[in-house]
Amino acid sequence: MIESSNERCGACAPARKIALGGALVATLSVALLIPAASGASDNPYAPSRDYDLQNVRTHLWFELDRHGVRGETTQSLSLLRDDVSILKFDSVDLDVSAVTLDGKTAQFKVVPNELDVTLPEKSKRGDHHEVTIRYTGVPKKGLYYVFPDKNYPNRPKEIWTQGESEDTRYYIPIYDYPNDRMTSEMLLTVPANWITISNGKLVGQKTEADGMKTWDWRENEKMSTYLISFVAGEFIEKDETWRGLPVRYVVPKGDESDIEPTFDRTRKMLDLFSDELGVKYPWEQYAQTSVDDFVEGGMENASATTLTTHGLVNPKLVAEDHEGSDDLNSHELAHQWFGDLVTTKDWADIWLNEGFATYFEHDWEEKHYSADDANYTFWTDQTQWFQQKRLFPSPIINRESEDSLEFAGNIYNKGGWVLHMLREQLGEEAFFAGLHHYLEVNRGQNVVTADLQKAIEEATSTNVDKFFQQWVYSAGAPEFDVSYSYDGSSHQMKLSVQQTQKVEGHVGLFDVPIEVEVATAAGRKTYPIEVSRADDTFTFPADGAPLMVLFNKGDKILSRTKFDKSAAALIYQLKNATDVVDRAEAARDLGNVKDSPDAVAALGEAAQQDSFRGVRTQSLRALGKIGGAAAEKQIIAAVSGEAKPWVREVGVEELANFKSDGDALAPKLTDLAAHDAAYRVRTAALGSLGVLKAPGAYDTLVAAVHSDSPDDLVRNAALRALGALGDDRAAPLLLEWSALGRPLESRGAAIDSIAELDKSNHDVTKALISYLNEPYFDIKFSTIFALGRRGDPAAIEPLEALLRSGDLSLGTAPYVEQQIAALKAKAGTKNTFTKDEHPPQSEQ
Ligand SMILES: [Zn+2]
C-alpha cells in the first residue's frame, strides 16, 4: 500500500511517493508536517487460528440510496483443533439476518466486532464446514461510495473497497488477519451500464431483471483477506494482454485520455519484474483501477490494484512530468509478488511487503531510466529517513506498536534501503537468485523475516544473519565522524573514523563495508574498508596531498557522515566526483558555506552544466540558501538555460528566497508565470510571487485564478499563492472558491489559503465550520487544519462535535485533537483530552 499524502505523516516515505503533482502536495503541506499518530490497532502478533479458511464466495448487492450493502457470503473452512464450539468471524456493524451451517439454520450471536456461530457439537481437527451468512450494513470503512450529489451532479458513480489493514470485516463477516489464505469468488449485482473489477478472472456475466447485471469474479490463487477487493461504477476500461494474461486499465468516466500516459509502461514493468525474479507474474489478470477520493495512494489488491486518481497523468502534462506515476505503479505491481504471492504473517513483519515494493520502485527506475536516477532517489530517501528522528531508535520489526504504519518510514524507506544494501553486498546475480528462491519456497504462503534470511542463505550459501540482525532486528544506522591527515614524508593518508550514534536500546555499533576514494594529482583510487569499531583509523597510500576524499563513496551504506571539508574541497568534489550522490552532497554542503564567491560560482556552474538533474537541483537549492545578489544571478541564468521543467521549477521556487529583491524579480516571475512552456514552472512562479509579496502580485494571482489550464494547475497554484501573499483583499475570492460546488482541489487550495486571511472576519470561520460536515474527505481534512491555524475559538465546539460524531475514520481523530488543543491553548483553556485518551469515536 502507499498511503495517501493527506493522511498521516507526509514526511514519511510513502507520502512522498504518491506521485502527485506538486499541486496537491502543496495543498496538503500543512497536514504533512504532523507526525503520524496512532489511530488503528493492528495486532503485531498473528492470532492463533481455530480454523483454516479455504474459500470465500461473496455476493453483494448495493443499496444506493443509503450507501449500504446487502451480502451473502459462503465460507468453506476446516477446523485446526479439537473442541472448538464457536466459529468466530470478524464483523463490524453488520446486521446479520441469517446464518446456515452446512445448509442448516445455525445459532449465532453478534457481539461487538464479531459474529459467533455455534457449532452443534464440539469440533475435531479436520472437520469441514460450510457457513453461509446473510447480512446488510452501511459500512463506515472497508467499502466506500463516491457518488454524485446536488453539489457535484456530474461525478461518476463509484463504489470501491480498501481492506488493508483490517477493514474487510466492515463489509464481509470474515476471518480478517493476514495469516490465513483462501481462494475467493466475488459476485456483484450492479446497474447494467456499470463496470466491475475484482480479484482474479471474470468467469461470468448475467443480465438480471430491472436493468441490473451480475458480474462473477473468481480468484483461484490463495490470498489473505485484506487483499479482497472490488471496484464498481461508471468506469471506462481499456484492455491489453501481456504474455497471454489480460491487463486492464480502468478509470472513472471522463478520465479516459489519461490511461495511456499513466499506464503505458505497465507491460514493461511486468516484463522486468517477471524476468529478474524468474517468477512469472502470478495472477490471472493485472488490473489497475483509478478511483476518486481514494483513501490511500495505491493498494495492491491481488491481481487488481486500486489507485488514486491523483496519480493519473494528463496527456497535456506528459512532457513536463519526469517519470509520471511510475513510482506508484511499480510499487503496487511489485507487491503482486511481495505482499500478495508471499504475504507477511503479521503486521510486525510488514516490511516484507512494503520494503520490497519500495525497493522495486527504485529497481524499475534504475533499469528503465538510469542508475543515477535510482541512486539519487535512495539518497533523498536517506535524507528523509534521518530527518524523522523518531524512526531511529525503532527496529524495522517493531512489536511494540499496534499501528502497522506508525513507523512507516522504517518499513518503506529503510526497508527499501536494506534490500539495496543487501544487493550491493551479495551482488546482483546472487541477490535475485535469493529472491527467486524465497518466492518459490514460500509462494502462496505467509512469511516472517526468518524465511527470507533462510531462503537467501540456501540460494547463495552466504550467511546473512548478522546483516539482518543489525539492519532489521536492531534499530538505527551508523553516524560517522570522519577526518583525515596526510603525511607528505611517508606518502600516507590516515583516516580516522568514529561511530557517533548513541549506542543504547536497540541501537548498537555497526559492522559495515565502506568504500573510500582518495584522489590526488596523480589519479584516484578506491579502497574497501570495514568499519566495525566505535573509533578506528585506516591508513592509505597517497602519492600526494589528497584533492578529494570520499567516505562511503557512492553512498552505498545507509548512514550519515560528519566530514568537515573546506569550500575548495567541496568545490573539487562537486566538479569531479563520479557518482551523482557525491556531487549532490557537495552541492548541498556548499549551501552552508557563507561569503565564498568561489562556492557561488561553482554552484552556478553545476546548476547550469552538471549532466545529472539532481545535482543541478541541489545546486539551485544551495544557491537559494546562500542568498545574495550573486547567487540570485546564478539561479536566473540557470533557469533561462535549463531544458528540464522539473529543474527549472526548483530554480523558480528558490527565487522566493530573495525577499529583498522582490521588486526586481517581479517582472521576471510574472513573465515566467505567463509564458514558461511548462505549467509546473508557471505555477512555481505564481508561488514565488506570493511568497515575495512582490508588487503587482495580487493582480497577477487574481488573474491566474480566472484562467484555465490542464487539471486546473494554474488556478490552484494561484489560490495557494494568495494565502502566502497574505493580502486580505483576497478573502472574498478565496471564500468563493472554497464554496460547495467548486472543484474539490480548488476548494482545498482556497481553504488552506483563507485560513490566515482577514482573521477578524467570523464569516470566514463560519464558512469553514460548515465544511466540516461535508462528505468529501479532502475538504474535511483541509478544513480541520485551516480552523486550527485560523485560531478562532468559535471552531473548538464544532471540532469537538466532529470528534464525538464517530464519523472520523482513517486515523483523522488525532489531528482533530491537535487542532482543538492548539485552539484551546490559544484561548487559554485546558485541553480536555490527553494524548492517549481518545474521546469516544467509531474506530473499533
Ligand atoms: Zn505498498
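User: In which sense, right-handed or left-handed, does H11 cross H12?

Analyst: A crossing is called left-handed if the near helix is turned anticlockwise from the far one by less than a right angle, and right-handed if clockwise. In this structure H11 passes H12 in a right-handed crossing. Helices (H or I, at least four residues) and strands (E, at least two) are DSSP runs, numbered from the N terminus. Please note that this is a predicted model, in which local features need pLDDT of at least 70, side-chain atom pairs count only at pLDDT 80 or more, and totals for chains, interfaces and linings use all residues. Residues are numbered from 1 along each chain as its sequence is written, and side-chain values use heavy atoms, with hydrogens and water left out.

User: At what angle do H11 and H12 pack, and how far apart are their axes?

Analyst: Two packed helices are described by the angle between their axes and the distance between the axes. Helix H11 (residues 449–460) packs against helix H12 (residues 465–473) at about 150°, the axes being 11 Å apart. H11 is therefore roughly antiparallel to H12. Axes are lines fitted to C-alpha atoms, for helices over the stretch in contact, and angles run from 0 to 180 degrees between N-to-C directions; under 35 degrees counts as roughly parallel, over 145 as roughly antiparallel, 65 to 115 as roughly perpendicular and the rest as oblique.

User: Which residues of H11 and H12 meet?

Analyst: Contact means heavy atoms within 4.5 Å. From H11, Thr 449, Ala 450, Leu 452, Gln 453, Ile 456 and Glu 457 take part, and they meet Asp 465, Phe 468, Val 472 and Tyr 473 of H12.

User: In which sense, parallel or antiparallel, do E24 and E30 pair?

Analyst: Strands of a sheet pair through backbone hydrogen bonds, either parallel or antiparallel. Two strands pair if DSSP finds at least two bridges between them. Strand E24 (residues 479–487) and strand E30 (residues 560–562) are parallel, with 3 bridges, and Phe 480 stands opposite Thr 561 in E30. E24 is also joined by 8 bridges to strand E25 (residues 492–499), in the antiparallel sense. There, Asp 487 stands opposite Gln 492 in E25. The hairpin of E24 and E25 has 4 residues between the strands, and His 491 takes a positive phi near 55°.

User: What is the strand order of the open sheet of 4 strands?

Analyst: The order is E10-E11-E16-E13, with antiparallel pairing. Strand E10 (143–146) and strand E13 (195–198) are the edge strands, each pairing on one side only. E13 pairs with strand E16 (residues 230–233) over 4 bridges, where Thr 196 stands opposite Ala 232 in E16.
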